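Subject: Handing over the structure

Hi there,

Here is the structure I promised to pass on to you. Please open it alongside this message, and my notes on it follow below.

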Amino acid sequence: MAKRNDPLNPDPAFLGFWRERHLCTLTTLRPDGTPHVVPVGVTYDPEAGLARVIANKSSAKVSHVLAGSATAEGGARVAVCQVDGRRWATLEGLAVVRTEPDRVEEAVRRYAERYERVPAPNLDRVAIEITLTRATGNGSPAQR
């Protein structure tokens, strides 16, 4: 059964699951409203109330976030999810694209920390920042 978490104050098992190294998915909405789901690396920062994804500025996910941000107050609605067997966790929120060097560098730093590798340099890199509004999942080892 899914458990709801406070995205700014998650329970230890939920946060611990997000600290593990897992491939994730990002779901954005295309202009026609259909979902676009792609594999990504995600970092979760409950203290800031953010999830972060690094991306190339010419990617479809970035164009979907930009289009959604232009039409929705606060950003484009998105979700990121990870799964490991029966454990899963989803973070939802409003996404914006950040191009400021310090914001992109922070996203890269957090990515390198979680995924234990520094991504190759990319002059076209941006950060997708998701202001979190909801956290759900079944991330507790006891619930496996």
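One term first: a residue is called buried when its relative accessible area is under 20%, exposed when that area is over 50%, and partly exposed in between, using a 1.4 Å probe and protein chains only. Please keep in mind that this is a predicted model, in which local features need pLDDT of at least 70 and side-chain atom pairs count only at pLDDT 80 or more, while totals for chains, interfaces and linings use all residues. Residues are numbered from 1 along each chain as its sequence is written, and side-chain values use heavy atoms, with hydrogens and water left out.

Salt bridges

A salt bridge here is a side-chain nitrogen of Lys or Arg within 4 Å of a carboxyl oxygen of Asp or Glu. The count by this rule is twelve. One of them joins aspartate 45 to arginine 52, with 3.1 Å between the closest N and O atoms, and both of these residues are buried.

Another links arginine 109 and glutamate 113, where the closest N and O atoms are 3.4 Å apart. Both partners lie in helix 3 (residues 101-115), four residues apart, or about one turn of the helix. (Helices are DSSP runs of H or I with at least four residues, strands are runs of E with at least two, and both are numbered from the N terminus.) Arginine 109 has 40% relative accessibility, so it counts as partly exposed; glutamate 113 is exposed, at 58%.

Lysine 3 is partly exposed because its relative accessibility is 40%.

Helix 2

Helix 2 (residues 60-71) has twelve residues and spans 17 Å from its first C-alpha to its last, close to the expected 16 Å; the expected span is 1.5 Å times one less than the number of residues. Which residues of helix 2 are buried? They are Lys61, Val62, His64, Val65 and Gly68. Seen down the helix axis, the buried residues fall within an arc of 160°, so they line one face of helix 2; the arc is taken from the directions from the axis to the C-beta atoms. Ala70 and Thr71, on the other side of helix 2, are exposed.

The buried residues of helix 2 pack against several strands, including strand 2 (24-29), strand 6 (76-84) and strand 7 (87-98).

The strands

Two strands pair if DSSP finds at least two bridges between them. Strand 2 and strand 6 pair in the antiparallel sense over four bridges, with cysteine 24 opposite glutamine 82. Strand 6 and strand 7 also run antiparallel, joined by nine bridges, and alanine 76 stands opposite alanine 95. Their hairpin has two residues between the strands, and glycine 85 takes a positive phi near 65° there.

Threonine 90 lies in strand 7 and is buried, with a relative accessible area of 11%. Beyond its neighbours within four places in sequence, threonine 90 is in contact (heavy atoms within 4.5 Å) with residues including Phe14, Trp18, Val80 and Arg134.

Best wishes
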